[in-house]
Amino acid sequence: MRALALIAALLPALFLNLAVWYWPNRPMPLVHPSPDTQLAGLSFAPFHAGFSPLDHTYPNTQQIDADLRSLKGRVGSVRTYTSLEGMAAVPTLAHKYGIDVIQSAWLGVKPATNEAEVKALIELANRYPGTIKRVIVGNEVLLRADLTPEQLTAYIRQVKRAVHQPVSYADVWEFWLRHPEIGKEVDFITIHLLPYWEDFPIPVDHAQEHILAIYRKVQAAFPGKPVFIGEVGWPSAGRTREGAVPGRVESAQFLNDFLNLAAEQHLDYNYVETYDQFWKTAQEGTVGGTWGLFEADGTPKFTFSGPVQESPDWWMGALGSSAAAAALAAWLYLRRPRLGDRQLAGAAVLGVALAGMVAAAALHGFHFTYYPVDKAIALLMCLWQGALAALLFSDLLRRCESNVAAHPGPARDARDVWADFKRYAALYLPLGRGTVSADKLAKFAEGRWVWAGEWLLFAAAPLAFYQTFMLLVNGRYRDFPINDFLVPAFGFVLARAIGVLVRRDSGGLLGRFSFGQAFRPVDGRAGTKFGEAPVERVVAIGLLLSSGLLVMLERPVNHEADYWAVTAAVISLPYLLAWISGLARSSRLTPARPGKSATD
């Protein structure tokens, strides 16, 4: 019967786990697939894994040649952003594969580097006039405030005097309207149109009408000058900005919608970009590194015709979590004979849920990290959630085996918990009298296990508050850390649920947090020591308020912000409930002043 009960619970749980992984990653057909299979232009920065301009590690000629070969027949031209850093090899290699080049000079705050860039640009433009069709002097220099308009104008004039190709400068469309004097210096206007990055982000469903409206607006501002869309695209991963949702499906939809628009309106454009550039995550977070049509290793993210999967690697998380849950269920069956049928089935279902959460955190955390520090942080967060999942599971298992639910009784007072803690703490120090018995050693091990879990769970609130605070003060390039707090949020919900069902607290992790014993005021007084919850209360209230403010700033259309607010509320709730319970208890125990009732 135990085996049948285990199978009856485990199979539906594993099937549900599979469905939860599959459903958001199921193949999605494209609504308006484009008939075009070749892009007019594509931004080309071949910084694959192991290369980064921030680390001064640049792609070699062999890699650039292989990348351009893979683009043959897929793109009419490529746009570079620098004429140094190995990009001087692009024109001659692109010529081999019939690809034109829009060559650029990267301008910044260092005059010596700017002069070297301009010199290299002029030399390449004159050496490869048949391949380099246009040149661009500077990229978003005014946006970054690296140069003044006068300094930029001087570089543009220097290049125009020395080359025969049309010359331009590239920047976000607003800066062309702010500095119309630059338009008089160039042969064509190069604007960047990225609806996701607008000050008021544009959802992907309305992106094309926004692009066309801005294009016409710039055309009207510079009559007689050709307008070239130097950057247009959509990220495939990262944080949601109001209604602008990054995603692989959204990226494919945007690409096909834009190609249809470009064909209808005869737009001159360059799409951004060829490959994911994960080195950009240091500056722009996850979203900065996921604008490529290809993965960093050169694998296409999707076909032009579809269908598209949001995460083709979803099966790894589903398989890993299912295998871990099945192994755990087998261990329960073989090593925990005291568990009854229902307890065994419930523990198996809990194991599936916890394994799925840890797998989701691991898959998300390691897929979008590039730098060792980021990978280390992702590893620590996964270890934290894994350890917390193990402690939650172990605590519930211990409670099931002792049949706590079958023996109802009063909840333990905080003084009992403190007395237990002192007994456990005495085992750490040479303060105990007599020999250390096996019973003491068992209590010592159990005490360390329980208190470690309680502190791991307690850490969720300040960590979540820090994450929310950073999203408020500097959230443009920060992800919503929902995956990092799946296990703690689930643990708090589980603790409250168990607390309702179990009337006698055994002092375990779930029991303490479900009734807030560690944070209830001793003797009903609202004091100031740990155990009387001032720090936890402040963090919990701050977390709830800041999460609510974050949703207001992002607007409710940002479902990631909504999900994070719910997660923050779940994490904060036990501390707030414990504090409210303490206040209520304190008001009941406070004696009335002479001449007044206790309720005055």
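With which side chain does the side chain of Glu-117 make a polar contact? I looked this up and found the side chain of Thr-82, at 2.5 Å. I take a polar contact as a pair of N or O atoms within 3.5 Å; within protein, one must be able to donate a hydrogen and the other to accept it, and residues adjacent in sequence count only if both atoms are side-chain atoms.

**Basis.** I worked on a predicted model, in which local features need pLDDT of at least 70 and side-chain atom pairs count only at pLDDT 80 or more, while totals for chains, interfaces and linings use all residues. Residues are numbered from 1 along each chain as its sequence is written, and side-chain values use heavy atoms, with hydrogens and water left out.

**Overall.** I noted 21 helices and eight strands; these are DSSP runs numbered from the N terminus (helices H or I, at least four residues; strands E, at least two). Of the 600 residues, 51% are buried (under 20% relative accessible area, 1.4 Å probe, protein chains only).

**Glu-117.** I placed Glu-117 in helix α4, residues 111-127.

**Second pocket.** I then turned to the second largest pocket, with a volume of about 1500 Å³. Its lining has 47 residues, and Trp-106, Asn-139, Glu-140, Arg-144 and Glu-284 lie nearest its centre. Elements giving two or more residues to this lining include α4 and α5 (141-144), and α7 gives the most, with four. A pocket here is an open set of points on a 1 Å grid over the protein atoms alone, with protein on both sides within 12 Å along at least five of seven lines; lining residues have an atom within 4 Å of a point. Points are joined across faces, edges and corners, and the volume is the space filled by probe spheres set on them.

**Helix α2.** In α2 (residues 61-71) I found Ile-64, Leu-68 and Leu-71 among the buried residues. Their cover includes β1 (39-43), β2 (75-79) and α3 (90-96). At the start of α2, a side-chain oxygen of Asn-60 comes within 3.3 Å of the backbone nitrogen of Gln-62. Gly-73 follows α2 with a positive phi, near 80 degrees.

Methods
Buried < 20%, exposed > 50% of the residue type's maximum accessible area, 1.4 Å probe, protein only. Contact = heavy atoms within 4.5 Å. 1 Å grid on protein atoms, 1.4 Å probe; cavity = no way out; pocket = protein on both sides within 12 Å on 5 of 7 lines; lining within 4 Å.
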